[in-house]
Amino acid sequence: MNDFVRIVEVGPRDGLQNEKQLIATADKIELINRLSATGLRSIEATSFVSPKWVPQLADAADVFTGIQRRPGVSYPVLVPNEQGYERALAVGVEEVAVFTAASEQFNLKNTNAGIDESMRRFAPILTRAQADGIKVRGYVSTVLGCPYQGEVPVAEVVRVARQLHAMGCYEVSLGDTIGAGTPRKAAAMLRAVAAAVPMAALAVHFHDTYGQALANIASCLEEGVRVVDAAVAGTGGCPYARGASGNVASEDVVYMLHGMGMVTGVDLPALAATGRWLSERLGRDTGSKTGKALAAT
Ligand code: HMG
Ligand code: MG
């Protein structure tokens, strides 16, 4: 395997959205600017969701207008509805991400809407985005288990992913929100989705709750996926997913990929230094083993 893998860095959004301490807007801006200098091509910057639901990202507009956007880097933001889309458009966002789930119960807790209702909310966003020249990414959460419903049928994952792609999402990210997946299950789920949506339009998004994220990613790479979501320093967790711990750490993913002979374009020492900087700002150890190891050398 000697391929390019695009890392979608979700630290500034997924990493920080559930953080208990309030993080200064200036620190969020500095984080994104530092990440922009590491060679990453996609950095999810923030969310234009309801500030009542996710207070940590209430400063989305200030963060987005404060960053230095590098040519060649995309800065997608989450939008749950048209109101979020309009807020994003007002500050010059060029890519948005809509999000739903393969589990009805999770989607209700996360967005106060069932799956079909969330699709109805996305339809006008996708229509407008096409006219506005805005790229739209789609997320499917709970692809390998739900904190409320337990098992999630793969057929539901396929149905929701297919629908997002058919509505115009250029890429669909498959989220193991609670990190419950294991490698064979993850590969089987991806294979099933790839029979309905081209592999080139799929991404994987693993949380590391049970320490399975890297193994799951490795097995999905074998299936052919070439876009991997990850968060620097392994921060993160969804506020509406009980027990969901951090995302897989970007540094660990990049170390593994480079070791496999794959190309990411990411400067690993610079990424690891950014992870350590963030961990210092958060007042705790980095959640990245690679980040720790590189600090010790
Ligand atoms: P709702 O309360 O049903 O919304 O929330 P509503 O339309 O009834 O509006 C209620 C209030 O919210 C109103 O204000 C609206 O103006 C306001 P009020 O009149 O009461 O003052 N509002 C907004 N304000 C700013 N921006 C907006 C917006 N929309 C409404 N866009 C809603 C529905 C979807 C808005 C809410 O549930 C929400 O924001 N949910 C987002 C939750 C979230 O961000 N979760 C984490 C991201 S998903 C994730 O982490 C998973 C992922 O990483 C993949 C994986 O790991 O699986 C992507
Ligand atoms: Mg997530």
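Predicted model: local features only at pLDDT ≥ 70, side-chain atom pairs only at ≥ 80, totals over all residues.

Let me begin with the ligand. Ligand 1 is surrounded by 28 residues, of which the closest are Val49, Gly84, Ser141, Gly175 and Thr177. Which elements give two or more residues to this shell? They are α4, residues 82-90, α5, residues 104-111, and β6, residues 135-141. The most is given by α4, which supplies three residues. Sorted by class, the shell around ligand 1 consists of 14 polar, 11 nonpolar and three charged residues.

I turn now to the backbone. In general, most residues other than glycine have a negative phi. Asn112 is not a glycine, yet its phi is positive, at about 60°. This residue sits in the loop between α5 and α6. Is Asn112 buried, exposed or partly exposed? There are 13 other C-beta atoms within 10 Å of Asn112, so it counts as partly exposed; the exposed class ends at 12 or fewer.

Thr142 also has a positive phi, of about 55°, although it is not a glycine. Its place is the loop between β6 and α7. Thr142 has 30 C-beta neighbours inside 10 Å and therefore counts as buried, the cut-off for that class being 20 or more.

Next, the helices. Consider α6, residues 115-132, and α7, residues 154-167: their axes come within 10 Å and cross at roughly 15°. Because angles under 35 degrees count as roughly parallel, α6 and α7 are described as roughly parallel to each other. The crossing of α6 past α7 is right-handed. On the α6 side the contact is made by Ile115, Met119, Phe122, Ala123 and Leu126, and on the α7 side by Val160, Gln163 and Met167. This contact of α6 with α7 has seven nonpolar residues, one polar residue and no charged residues.

By class, the contact of α10 with α12 divides into three charged, two polar and one nonpolar.

The other partner is α11, residues 268-282, which packs with α12 at an angle of about 100°, the axes being 9 Å apart. Hence α11 and α12 are likewise roughly perpendicular to each other. Here Pro269, Ala272, Gly275 and Arg276 of α11 meet Thr290, Gly291, Leu294 and Ala295 of α12. The contact of α11 with α12 comprises four nonpolar, three polar and one charged.

Finally, I draw your attention to Val248, in the loop between β9, residues 227-230, and α10. Val248 counts as buried, because it has 30 C-beta neighbours inside 10 Å. Which residues is Val248 in contact with, leaving aside its neighbours within four places in sequence? They are Phe206, Asp208, Ala213, Leu214, Ile217, Ala230, Gly234 and Val253. Val248 and Glu117, by contrast, are 30 Å apart in space, C-alpha to C-alpha, and 131 residues apart in sequence.

Thank you for your attention.

Key: Residues numbered from 1 in each chain as written. Chains lettered and ligands numbered in written order. Axes fitted to C-alpha atoms, helices over the stretch in contact; angles between N-to-C directions. Helix = DSSP H or I, 4+ residues; strand = E, 2+ residues; numbered from the N terminus. Parallel < 35°, antiparallel > 145°, perpendicular 65-115°, else oblique. Left-handed = near helix turned anticlockwise from the far one by under 90°. Contact = placed C-beta atoms within 7 Å. Nonpolar A, V, L, I, M, F, W, Y, C, P; charged D, E, K, R; others polar. Near = placed C-beta within 6 Å.
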